[in-house]
Amino acid sequence: MKIVMKIAAACAAVSMVFGLSGCNEVKNAENTLNSAMESLQKGDFISAAQYIEFTGDSDQESQFAQFEENQDTAAALFSKMTYTINSSEKTDGSNVKMNVTVTNADMKTVFSNVISDMFSIALSNAFASEEEQLSDEEMQNKIFELLKDGINDENVQTVTNTVDVNVAKTDGGWKVQVDSDVLDAATGGLVSTAESMGSVFGE
């Protein structure tokens with residue numbers, strides 16, 4: 001009987017160790033997601049990049065690089081972002097799946113307003129004298145300025161999306177796996193809006 005009790009106690013101890021290990025890994029994954037999101041909210045893209053790993057479409061990384069190049073606009077966008085981790089589930093030894101709800105400025109609406117404004121500016125620019133015409137670089141800067149103003153508008157519409165996010169344990173530590181769905185949710189539909197605009201203009 002004592003032997004049976006010892007075996008049972010040993011099994012319970014082993015189960016507890018593995019259970020605690022699983023809980024710790026989920027907590028580490030959640031901490032990684034929180035660190036990534038909080039860095040983005042602060043506009044600290046260098047820190048955010050330490051917690052992120054892009055998956056699938058290679059264009060995602062170049063899109064994130066554009067955030068760094070246009071930090072004022074990107075910082076405005078992510079400063080509007082709020083999120084809630086609804087659930088976390090360890091799917092295997094190196095992956096934790098989280099269900100996350102993200103709210104941000106509705107970039108579809110913001111872009112629609114920017115396009116309307118840019119048409120007016122482009123029309124005026126076309127009829128301006130050569131000395132007064134805006135250069136391509138100045139026009140691009142104007143677009144980002146309008147985007148930033150639209151995002152910072154206190155009456156800007158918001159959009160809420162719920163997305164599954166995988167956080168994986170890699171050689172470099174826990175990393176948030178960012179695919180197009182995750183990036184789109186975090187940016188208030190920026191990715192899908194850009195894709196829609198590209199298809200409209202044949203790009």
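A pocket here is an open set of grid points with protein on both sides within 12 Å along at least five of seven lines, and a residue counts as lining when it has an atom within 4 Å of a point. Keep that in mind as we walk through this model, which is predicted.

Let's start with the second largest pocket, which has a volume of about 150 Å³. Two helices each give at least two residues to its lining: helix 5, running 107-126, and helix 6, running 136-152. Helix 5 makes the largest contribution, with five residues.

Helix 5 deserves a look of its own. With 20 residues, it spans 27 Å from its first C-alpha to its last, close to the 28 Å expected at 1.5 Å a residue. Its buried residues are M107, V110, F111, V114, M118 and N125. Looking down the axis of helix 5, you'll find these buried residues within an arc of 85°, so they line one face of the helix. As a reminder, an α-helix has 3.6 residues a turn, so residues three or four places apart point the same way. Over on the other side of helix 5, F119, L123 and S124 are exposed.

Now over to helix 6, where N141 sits. Is N141 buried or partly exposed? With a relative accessible area of 45%, N141 is partly exposed, because that value falls between the 20% and 50% cut-offs. The C-alpha atoms of N141 and N70 are 9.3 Å apart, although 71 residues separate the pair along the chain.

The model has one cavity of 30 Å³ or more, and the largest cavity has a volume of about 170 Å³. Of the 17 residues lining the largest cavity, M37, L40, V178, V182 and A186 are the closest to its centre. Several elements supply at least two lining residues each, among them helix 1 (2-41), strand 3 (95-105), strand 4 (158-170) and helix 7 (180-186). Helix 1 accounts for the largest share, four residues.

Methods:
Residues are numbered from 1 along each chain as its sequence is written. This is a predicted model: local features need pLDDT of at least 70, side-chain atom pairs count only at pLDDT 80 or more; totals for chains, interfaces and linings use all residues. Side-chain values use heavy atoms; hydrogens and water are left out. On a 1 Å grid over the protein atoms alone, a cavity is a set of points where a 1.4 Å probe fits but cannot get out, and a pocket is an open set with protein on both sides within 12 Å along at least five of seven lines; lining residues have an atom within 4 Å of a point. Grid points are joined across faces, edges and corners, and a volume is the space filled by probe spheres set on the points. Buried means under 20% relative accessible area, exposed over 50%, partly exposed in between (1.4 Å probe, protein chains only). The expected span of a helix is 1.5 Å times one less than its number of residues. The arc is that of the directions from the helix axis to the C-beta atoms.
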